[in-house]
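Thanks, everyone, for making time this morning. Let me put the structure up on the screen before I talk through it.

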Amino acid sequence: MAIQTKDYDFSAIEPKWQDFWETQATYSAKDFEDKPTFYVLDMFPYPSGAGLHIGHPEGYTASDALKRFKKAQGFNVLHPMGWDAFGLPTEQYAIKTGKHPRETTEQNVARFKEQLRQLGFAYDWEREVNTTDPGYFKWTQWIFMQLFKKGLAYVEEKPVWFCPDLGTVLANEEVLNTSEGPRSERGSFPVERRPIRQWVLRITEYAEKLIAGLKDLDWPDSTKRLQENWIGRSEGAEITFDVSGHDAQLSVFTTRPDTLYGATYMVIAPEHPLLSKITTADQSDAVFAYAHKAKSKSDLERAELSKEKTGVWTGAMAINPVTGTEIPIWVADYVLMTYGTGAIMAVPAHDERDYAFAKEFDLAITQVIEDSGAAEKDASGALTQAYTGPGDLINSGEQSGNNSESAKNAIIEQLAADGRGEATVNFKLRDWLFSRQRYWGEPFPIAWVSEADYAQVDDSLKSVERPVSCELNGQLRFAVALQESELPLALPEVESYTPSPDGQSPLSKAGEWLHIYIDPKTGATSSEAVEGWIPASRETNTMPQWAGSCWYYLRYIDPNNTEALIDPEKEKYWGSPDLYIGGAEHAVLHLLYARFWHHVLYDLGVLSEPEPFKKLFHQGIILGEDGEKMSKSRGNVVNPETIIESYGADALRLYLMFLGPLEAMKPWNTNGIEGIARFLRKAWRLVVAEDGGVQANVSATAELDPETERVLHATIKKVTEDYESLGFNTAISQMMICVNQLGKAETLTTAAVETFIKLLAPLAPHQSEELWQRLGNTGSIAEAGWPQFDESKLVEDTIKIIFQINGKYRGDAQLPADVTKDEAIAAAKANAKISAHIEGKAIKREIYVPGKIVNIVAV
RNA sequence: GCCCGGAUGGCGGAAUUGGUAGACGCUGGGGACUUAAAAUCCCUUGCCAGUAAUGGCGUGUGGGUUCGAUCCCCACUCCGGGUACCA
């Protein structure tokens with residue numbers, strides 16, 4: 001039932017084939033089919049109200065094309081799609097309109113799905129996942145439960161941004177740093193740091209594994225380096241200093257224990273717990289004023305003020321453990337409570353920050369590493385900048401003369417003997433703040449009980465090694481996991497989606513849902529009191545958006561399993577994704593969090609491999625026509641639907657890939673799509689004649705001239721290689737060369753035309769299917785196999801040899817492909833232009849690059 | 001500041017990683033078909049000089065290695081991205 005048109009009518013053809021793929025389930029993956037598998041994964045979108053923008057189809061076209069290519073090559077292909085549907089904009093919309101986020105989500109998903117369909121992306125919709133679906137988040141909650149029981153989750157009062165005017169907690173990126181202090185991005189209201197109870201995941205416990213695991217991943221080097229820097233492993237030592245006149249001790253982390261003799265003062269962070277204890281009476285006003293001010297600053301502010309060092313002397317002194325000298329202890333916000341021990345030994349001679357601070361406050365600077373003239377000094381020989389390089393130790397007692405590298409160990413050993421220090425490793429990576437005081441997220445499957453009741457609770461419901469407790473309404477409470485059969489723990493219906501004025505989640509007002517009784521043996525719950533059960537209140541925080549996106553790629557493999565997160569047999573069959581395509585903006589957080597969960601699940605025996613994403617590719621960004629980032633405010637946004645209306649989805653897909661390398665950042669240019677439209681029309685006319693039938697010069701028995709045949713085989717080779725390496729732009733240019741050549745040929749074999757259409761099909765699937773059908777074939781072109789090239793067809797009997805004089809092009813000639821060096825050089829000399837150039841010169845050297853170049857060096 | 005990318009015609013980009021720089025496409029110019037337009041086809045299009053043959057210049061800048069450099073080395077400029085006192 002081909003639609004009989006002579007023109008390429010994409011608006012009729014495209015929906016026809018979209019229906020076909022859907023009803024025929026052309027791209028539904030079959031578990032355990034006896035074929036090699038290929039799992040290609042896209043980063044799933046957040047279904048926003050704005051719909052798809054041009055950036056989405058870029059990566060998705062690449063994965064769709066690759067999927068079709070691999071399918072044609074005979075792979076059992078898995079290419080699913082889903083929705084990262086918990087999230088802030090939907091919740092904000094609910095707060096504004098009162099509409100349930102679930103409804104908004106449904107509408108947005110429907111719209112996204114329709115748009116993806118219009119682009120011809122043939123996903124396996126039977127495996128669709130949605131993070132807000134109870135059948136899905138049941139397992140998100142289940143994973144959290146395992147983390148909790150394994151001791152990888154805890155609760156802490158953490159300072160978070162709170163905006164009293166908006167009545168909500170804000171994420172770091174929602175807070176702007178203004179001249180009037182930190183303000184909310186929305187509405188520019190003042191915000192403040194408030195300690196609010198938070199769940200935190202111990203990702204730092206996996207820091208070592210997360211660094212080590214990077215080694216074997218086929219990822220862009222820059223992304224690996226980014227993760228490595230983010231985790232920020234550094235080796236050094238923890239050294240303990242005595243505080244004069246106190247029995248307190250101050251521990252510091254340093255990567256330069258070799259400079260210990262040069263530690264002339266110490267600095268502790270404003271939040272350091274020892275601060276109030278060691279501060280002397282005369283200094284306390286200044287110290288506490290300073291500490292208070294530092295607390296209200298954002299990390300951002302602290303960093304921005306980095307040029308000027310600020311601080312106050314606490315009045316206390318510490319004792320340098322190797323020199324025995326008393327050194328002052330300062331408080332300053334350039335020391336962060338969140339890294340190391342929250343205190344440092346300051347070595348101004350060999351650390352830039354310490355140097356700047358010492359200069360600002362006129363503190364002693366003792367050089368202990370010989371710079372051998374490498375550092376700048378003033379007339380008196382004092383350092384005018386910190387020397388951070390290596391060298392021999394000076395002014396360092398018995399260590400003097402020792403090299404700085406070996407002195408690191410020597411000093412650690414010397415300290416360790418006294419119990420004053422040991423070698424340690426520190427990470428920049430912090431534990432993962434895992435809770436939000438919001439409505440639209442996964443509820444935690446946790447209940448809080450009293451200490452006495454906690455004692456009765458079965459160990460299987462506890463974090464046994466590390467019990468989790470906190471104060472709720474002034475009372476000590478302990479965390480208990482619910483029974484697994486209580487999952488999924490659904491969100492209660494609430495009257496308002498707005499957090500309460502004190503920053504508590506909207507769930508804290510869901511009274512009936514909140515207060516429960518729990519069976520201490522099994523973790524079963526009831527809303528009514530039961531004999532022997534204990535009263536409990538549910539956790540009211542919800543999980544962050546990351547939670548659902550951390551493991552969705554696993555669920556595609558077994559989306560409807562109600563008994564397990566994933567069937568181990570299916571997991572082994574499909575393995576982890578063979579290729580993951582997504583933006584570089586997720587290089588750190590999403591990819592790190594997902595790796596963390598995957599490692600944990602592997603350690604729990606749920607998964608068979610420790611790393612989730614073997615191969616990763618970042619598509620670039622499509623800029624507006626003005627070369628700027630597309631944004632509504634700039635008015636340079638290109639809408640995919642408009643392009644599809646005027647050129648069709650195939651043209652859009654091809655053009656997106658033709659713009660430049662997939663990984664590059666490249667500007668959109670609407671004019672350029674004409675070339676692609678022309679190319680598609682040429683391909684169409686190769687098959688379809690004026691009268692709508694098949695072209696008369698195409699037949700099974702026709703002759704194919706040798707040059708056309710050579711180009712065709714060269715195209716098979718180039719396109720196959722380029723698809724494999726995601727080099728779609730060059731594959732398209734080769735197909736353009738090919739279509740031009742085929743168009744010139746007097747007659748064409750059906751086989752030649754079919755070969756070309758098969759090559760085109762991954763990128764322009766609608767038109768290719770249509771042409772395939774009009775040539776008399778049935779079924780999808782994806783099931784017709786992938787063309788093989790014949791190496792012998794690529795060999796040309798004559799080759800063009802370039803003649804150069806002194807490396808400069810002076811002529812060329814067609815010579816037999818098997819020409820020898822001597823023959824080639826002779827041919828060059830026989831060339832009129834060449835002989836003119838060597839006339840009267842002495843030939844110094846003759847170079848022949850086989851099949852390419854003759855270069856005669858003559859002076 | 002540090003860490004990554006990148007710089008090639010009027011524009012997007014290509015170049016088997018050391019072998020004719022500018023494939024392919026857009027734009028511009030000229031022509032054919034047409035009553036006309038669209039569509040299609042052909043020629044042309046890096047810069048300078050020249051009617052031309054041809055010659056010179058040319059891959060951000062300056063050096064170097066080489067018979068030969070967009071590609072390798074050294075120094076620098078500009079642009080983009082990430083990161084932020086991590087001891």
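What you see is a predicted model, in which local features need pLDDT of at least 70 and side-chain atom pairs count only at pLDDT 80 or more, while totals for chains, interfaces and linings use all residues. Residues are numbered from 1 along each chain as its sequence is written, and chains are lettered from A and ligands numbered from 1 in the order in which they are written.

Chain A holds 28 helices and 33 strands, where helices (H or I, at least four residues) and strands (E, at least two) are DSSP runs numbered from the N terminus. Along the principal axes, the C-alpha atoms of chain A fill a box of roughly 100 × 90 × 50 Å. Of the 859 residues in chain A, 42% are buried; by that I mean that 20 or more other C-beta atoms, placed from the backbone, lie within 10 Å of the residue's own, with 12 or fewer counting as exposed and anything in between as partly exposed.

Now to the cores, a nonpolar core being a set of buried Ala, Val, Leu, Ile, Met, Phe, Trp, Tyr and Cys residues joined through C-beta atoms within 7 Å. The largest has 158 residues, and Val449 and Val480 touch the most other members. At least three residues of this core come from each of domain 1 (142-212 + 432-535) and domain 3 (672-793), with bounds taken from an automatic or database domain assignment. Apart from it lies another core, of 49 residues, including Val267 and Ile329.

Next, helix α12, residues 404-417, where Ser404, Ala407, Lys408, Ile411, Ile412 and Leu415 are buried. Seen down the axis of α12, these buried residues fall within an arc of 135° and so line one face of the helix, the arc being that of the directions from the helix axis to the C-beta atoms. The face turned away from the buried side carries the exposed residues Glu405, Ser406 and Ala417.

Finally, the backbone: most residues other than glycine have a negative phi, and most peptide bonds are trans. The peptide bond from Leu487 to Pro488 is cis, with omega near -5°.
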